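My entries follow in the order in which I looked.

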Amino acid sequence: MTDHCMPGLDSPCTATENCISVANSECANQLCKCKSTFKAMNGHCMTSSAGVLSVGIVALATCFIALLMGQKTLGSC
């Protein structure tokens, strides 16, 4: 049995089928890229609103943890 690496974003490709390891990607100019309505984020193709939402959730969670630990925040929470 042989292990095969699946191409990730910016990997060489000859067809969109080569890029199936990353959802919402396609082969463009012989490289796996996110489809036009998606943005690359940490090796995944995300919608712009999903990226903003995930960043907001992380920021909120960070503030919540800081408040639980009794730490002062920088006024961004």
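**Entry 1: the loop between β1 and β2**

I began with N29, which is exposed because its relative accessible area is 78%; exposed means over 50%, buried under 20%, and partly exposed in between, with a 1.4 Å probe and protein chains only. N29 sits in the loop between β1 and β2, where strands (E, at least two residues) are DSSP runs numbered from the N terminus. I noted a positive phi of about 55° at N29, although N29 is not a glycine. Most residues other than glycine have a negative phi. I then checked Q30, which lies in the loop between β1 and β2 as well. Phi of Q30 is near 65°, again a positive value in a residue other than glycine. Q30 has a relative accessible area of 59% and so is exposed.

**Entry 2: what the values rest on**

I am working from a predicted model, in which local features need pLDDT of at least 70 and side-chain atom pairs count only at pLDDT 80 or more, while totals for chains, interfaces and linings use all residues. Residues are numbered from 1 along each chain as its sequence is written, and side-chain values use heavy atoms, with hydrogens and water left out.

**Entry 3: disulfides**

How many disulfides are there? I counted three disulfides, taking a disulfide as a pair of cysteine sulfur atoms within 2.5 Å.

C13 and C27 form one of them, with their sulfur atoms 2.1 Å apart. The link of C13 and C27 is right-handed, with 95° about the S-S bond. C13 lies in the segment before β1 and C27 in strand β1, so this pair ties together parts that are 14 residues apart in sequence. I find C13 buried, at 6% relative accessibility.

C19 and C32 form another, and the sulfur atoms of C19 and C32 are 2.1 Å apart. The torsion about the S-S bond of C19 and C32 is about -85°, so I noted that disulfide as left-handed. C19 lies in the segment before β1 and C32 in strand β2, so the pair ties together parts that are 13 residues apart in sequence. C19 counts as buried at 1% relative accessibility. C32 is buried, with a relative accessible area of 1%.

A disulfide also joins C34 to C45, S to S 2.2 Å. The disulfide of C34 and C45 is left-handed because the torsion about its S-S bond is about -90°. C34 lies in strand β2 and C45 in strand β4 (residues 44–46), so the pair ties together parts that are eleven residues apart in sequence. I looked up burial here too: C34 counts as buried at 16% relative accessibility, and C45 counts as buried at 7%.

**Entry 4: salt bridge**

Which side chains meet in a salt bridge? I found those of D10 and K33, at 2.4 Å from N to O. The rule is a side-chain nitrogen of Lys or Arg within 4 Å of a carboxyl oxygen of Asp or Glu, and the count comes to one. D10 lies in the segment before β1 and K33 in strand β2 (residues 31–34), so the pair ties together parts that are 23 residues apart in sequence. D10 is partly exposed, with a relative accessible area of 47%. K33 counts as partly exposed at 32% relative accessibility.

**Entry 5: serines**

Is S25 buried or exposed? S25 counts as buried, at 6% relative accessibility, and lies in strand β1. A polar atom of the S25 side chain lies 2.9 Å from the backbone oxygen of C19. The backbone oxygen of V22 lies 2.6 Å from a polar atom of the S25 side chain. Not counting residues up to four places away in sequence, S25 touches L9, T16, C19, K33, C34, K35 and C45; contact means heavy atoms within 4.5 Å.

S11 is in the segment before β1. I saw the S11 side chain reach the backbone oxygen of G8 at 3.0 Å. Leaving aside neighbours within four places in sequence, S11 is in contact with Q30, L31 and C32.

S21 is in the segment before β1 (25–28). I noted S21 as partly exposed, at 38% relative accessibility. S21 and L9 are twelve residues apart in sequence and 9.0 Å apart in space, C-alpha to C-alpha.

Definitions and conventions. Helices (H or I, at least four residues) and strands (E, at least two) are DSSP runs, numbered from the N terminus. A polar contact is a pair of N or O atoms within 3.5 Å; within protein, one must be able to donate a hydrogen and the other to accept it, and residues adjacent in sequence count only if both atoms are side-chain atoms.
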